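Subject: A structure for you to look at

Hello,

Here is the structure I promised to pass on to you. Please open it beside this email and follow along as you read.

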Amino acid sequence: EAARRGVAAANYTNAGTVEFLVEETPDRDPDEPLGPATPFYFLEVNTRIQVEHTVPEALTGIDIVKEQLRVAAGEGLSIDQADVELDGHAIEFRINAEDAAAGFQPVAEGHLDTYDPPGGIGVRVDDALRQGDELVTDYDSMIAKLIVWGHDREECLARSRRALAEYDLEGVVTIVPFHRLMLEDDRFVAGTHTTKYLDEGVDPARIAAAQDRW
């Protein structure tokens, strides 16, 4: 509702993403969700569709890119706000050519000797490269996006573990080992991590070990 009020006040028309920061309650029981009185703060508006647009698409069943094209063509939205319903839980994993053990440094080159993405119920992969392709990082380190949906967070995490275990990439250093590590991390699994967690709460040796293991 705050996002809608903000764009209405700015007379903004088109796809866009309103971002907020939500204040975590210290020592919160993970089984108790943050309540309606939780402080949250406006961060920014991105006047475009975000990389993470696949998450609301998974939760609502709405093709956001299609709706933007309709607006650009002067046709307007095909849905009303009252039609939007959220269902389940979704996570997007950016499959980047990055070395998490080296401070998430992007990898400059590589050849996808093996590329075999996962599938199955609740699993979506948006990618642009195929097996045998050369890595192109002139403007972005992203190889693909893995989006996983479940009826609740627990099912989503379980499906994510399976999907990432089945994601087979060879020839290019990727961030997949880090994602697998986070799915074994107590704070992330509980959903009580914060924007400072990687810097202050995760031992770099754990990330290095995950990179060696996978």
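Below is what was found in it, one topic at a time.

First, a word on how to read the values. This is a predicted model, in which local features need pLDDT of at least 70 and side-chain atom pairs count only at pLDDT 80 or more, while totals for chains, interfaces and linings use all residues. Residues are numbered from 1 along each chain as its sequence is written, and side-chain values use heavy atoms, with hydrogens and water left out.

The sheet

Let's begin with the strands. Helices (H or I, at least four residues) and strands (E, at least two) are DSSP runs, numbered from the N terminus. Two strands count as paired if DSSP finds at least two bridges between them. In general, strands of a sheet pair through backbone hydrogen bonds, either parallel or antiparallel.

Here, 3 strands make an open sheet in the order β3-β8-β7, with antiparallel pairing. β3 and β7 are the edge strands, each pairing on one side only. On average, neighbouring strands of this sheet are turned by 15° against each other, direction ignored; for such angles, axes are lines fitted to C-alpha atoms (for helices over the stretch in contact), and the angles run from 0 to 180 degrees between N-to-C directions.

Strand β3 (residues 89-96) pairs with β8 over 8 bridges; E92, for instance, has I147 in β8 as its bridge partner. Strand β7 (residues 123-127) is joined to β8 by 5 bridges. Two residues to look up are V123, whose bridge partner in β8 is V148, and D127, whose partner there is A144.

Why is strand β8 described as largely enclosed by the rest of the structure? Because 8 of the 9 residues of β8 (residues 142-150) are buried. Buried means under 20% relative accessible area, exposed means over 50%, and partly exposed lies in between (1.4 Å probe, protein chains only). Helix α4 (residues 153-166) lies across β3, β7 and β8, running at about 140° to β8.

Salt bridges

A salt bridge is a side-chain nitrogen of Lys or Arg within 4 Å of a carboxyl oxygen of Asp or Glu. The whole structure has 11 of them. One of these joins E52 and R94, at 2.6 Å from N to O. E52 lies in the loop between β2 and α2 and R94 in strand β3, so this pair ties together parts that are 42 residues apart in sequence. E52 is partly exposed at 32%, and R94 is partly exposed at 31%.

E75 and R70 also meet in a salt bridge, at 3.3 Å from N to O. E75 is exposed, with a relative accessible area of 52%, whereas R70 is partly exposed at 22%. Elsewhere, salt bridges that share partners join E57, R124 and D126 into one network.

E57 sits in helix α2 (residues 54-60). Is E57 buried or exposed? With 10% relative accessibility, E57 counts as buried. Leaving aside neighbours within four places in sequence, E57 is in contact (heavy atoms within 4.5 Å) with I62, D63, I64, V65 and R124.

Enjoy exploring it, and write back with any questions.

Best wishes
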